[in-house]
Amino acid sequence: MGIFDVYPCYNITIEKAKDMLLWDSEGNEYLDMYGGHAVISVGHSNYHFVNMLKKQIDKIAFYSNSIVIQQQQELAHRLTAISGKEWYNMFLCNSGAEANENAFKLASFHNGKKKIISFSGSFHGRTSLAVAATDDNKITAPVNENSDVVILPYNDIEALEEEFMKGGVTAVIVEAIQGVGGVQVATQRFLEKMRMLCYTYDAVMIADCVQCGCGRTGRYFALDESGVEADIYTMAKGIGFPMGGLLISPKIRAEYGMLGTTFGGSYLACTAALAVIDEIEDRELMKNAGEMGHYLVEEIKALKSDKILEVRGRGLMIGVEFNCDATPIRSRLLSMENIFVGNAKNKRIIRLLPSMTISKETCDKFVKSLKKVL
C-alpha cells in the first residue's frame, strides 16, 4: 500500500529550505516563486518563526479550547490591529476551507437564510459547502452538489442584483483577487454594489482572503484596497502554519456551541501566526510586497514578448497569461532554470506567489530566466 494518488507530483524531494531557496535530496538548488500555494510569507526556515516554535514546543504543544489559551488572546489583539479591524472578533480553526465553512454557518445563524452566492473562477476549499461554492465541477462530488449555492459571473453587477432580488440570500463570498481562477481582480463598482446589496437585503458579505490575505497584496486583506468592508474575513495560507481563521463583525453575535474545533487555535499554531506578524511588522514586509510586486510586474511587461498577453494582480499575487498553454513554460522554468511557479485553472496562466521577503535581485533573476525560457 502507499499514498492515495491524487496529486500529480514532480519527482523532486526537497530536504532543506532557506528564505526563497530550496535544496533537493541530490543537492540541487531551486528558487521558490510559488511559496507552497502562498503559504510562505516570511521565507522558509525563518529564524524568528522557527525559534518561537522551538521555545513553545518545549513548554506545551496542545490543549483543548476548554481552557484559556493566552496565545489566542494575544493573536486576536495583534491580528485585528495589523488588519485595521480592531472591533472584529476572531475565531480560529484548521484550514481555509474550514474557515469558509464556518463563515457560511455564521451567516445562516445570523439571518436565518440559506442561499449562498459565489462567482465564476472561485475557489473556496474542498469541504462540503466550500466545494459547492467553488466553480470547479471536477472536484465536486454528487454529494457536494447544493441547490442553495448559486455561482454567478465574476464582476457582473446586473446578475448579482437580479439574484438578490429573488430573495433568500444568506451570504455572498468573494475573492477580491482570485487565485486558482487566474489572478482575476474584482472591480471597485462590483465590490461596492455587493456591499450595498448585502446591507439592503440583510445578507453577510464574506471576503475569502485565504490566498489574497495576510499582507500578500500590500494590504493585509486584498479587499482593503477597495475601501469596502466585509462582515467576515477568512484567512489561512499566509499564516504560515496549518491554521485558518475568521475575523467576524460585532453585528454577528456569538453563542456557546455554534462553532467548535479540536485543534484550531493551538499553542503552536498561534505561536507561528504571532511570529509571522512580528516579521511582517518589524521588516515592513507588506510595504516590500507592494513595491517588489509592482517592480516584478513592470519588468515582466518590459520583456515585450509576443507570447505574453497580460500581467495582472497586486503586490506579490501575480498572474502572467500567455497566448498558449503555459504548461511547457512552467516545466522549462523548473527543468532548465530550477524555478518553481504555480498554475491556474486556466492553463494559459502561471501564478507567482513568492515570499514577501523577495528582493529586487531575486525579481531580476526570475525575469532573466523567464526571458530565456520564452
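## The second largest pocket

Helix α3 (70–82) and strand β4 (89–93) each put at least two residues into the lining of the second largest pocket. Strand β4 gives the largest share of that lining, with 4 residues. This is a predicted model, so take the pockets here as features of a prediction.

The space in this second largest pocket comes to about 640 Å³. There are 22 residues lining the second largest pocket, and Met 90, Phe 91, Leu 92, Ala 254 and Leu 259 sit nearest its centre. Sorted by class, the lining splits into 12 nonpolar, 8 polar and 2 charged residues.

## The largest pocket

Now for the largest pocket, which holds about 1900 Å³ of space. Its lining runs to 47 residues, with Tyr 7, Tyr 34, His 37, Arg 126 and Asn 343 closest to the centre. By class, the lining of the largest pocket has 22 nonpolar, 14 polar and 11 charged residues.

Helices α1 (35–38) and α4 (96–111) each supply at least two residues of the lining of the largest pocket. The largest share comes from α4, with 3 residues.

Over in helix α8 (residues 267–282) we find Asp 278. Its relative accessible area is 15%, and because the cut-off for buried is under 20%, Asp 278 counts as buried.

Leaving aside residues up to four places away in sequence, Asp 278 touches His 48, Met 52 and Arg 78. The side chain of Asp 278 makes a polar contact of 2.8 Å with that of His 48, and another polar contact, of 2.7 Å, links the side chains of Asp 278 and Arg 78.

Terms used. Residues are numbered from 1 along each chain as its sequence is written. This is a predicted model: local features need pLDDT of at least 70, side-chain atom pairs count only at pLDDT 80 or more; totals for chains, interfaces and linings use all residues. Side-chain values use heavy atoms; hydrogens and water are left out. Buried means under 20% relative accessible area, exposed over 50%, partly exposed in between (1.4 Å probe, protein chains only). A polar contact is a pair of N or O atoms within 3.5 Å; within protein, one must be able to donate a hydrogen and the other to accept it, and residues adjacent in sequence count only if both atoms are side-chain atoms. Contact means heavy atoms within 4.5 Å. On a 1 Å grid over the protein atoms alone, a cavity is a set of points where a 1.4 Å probe fits but cannot get out, and a pocket is an open set with protein on both sides within 12 Å along at least five of seven lines; lining residues have an atom within 4 Å of a point. Grid points are joined across faces, edges and corners, and a volume is the space filled by probe spheres set on the points. Ala, Val, Leu, Ile, Met, Phe, Trp, Tyr, Cys and Pro count as nonpolar, Asp, Glu, Lys and Arg as charged, and the others, Gly among them, as polar.
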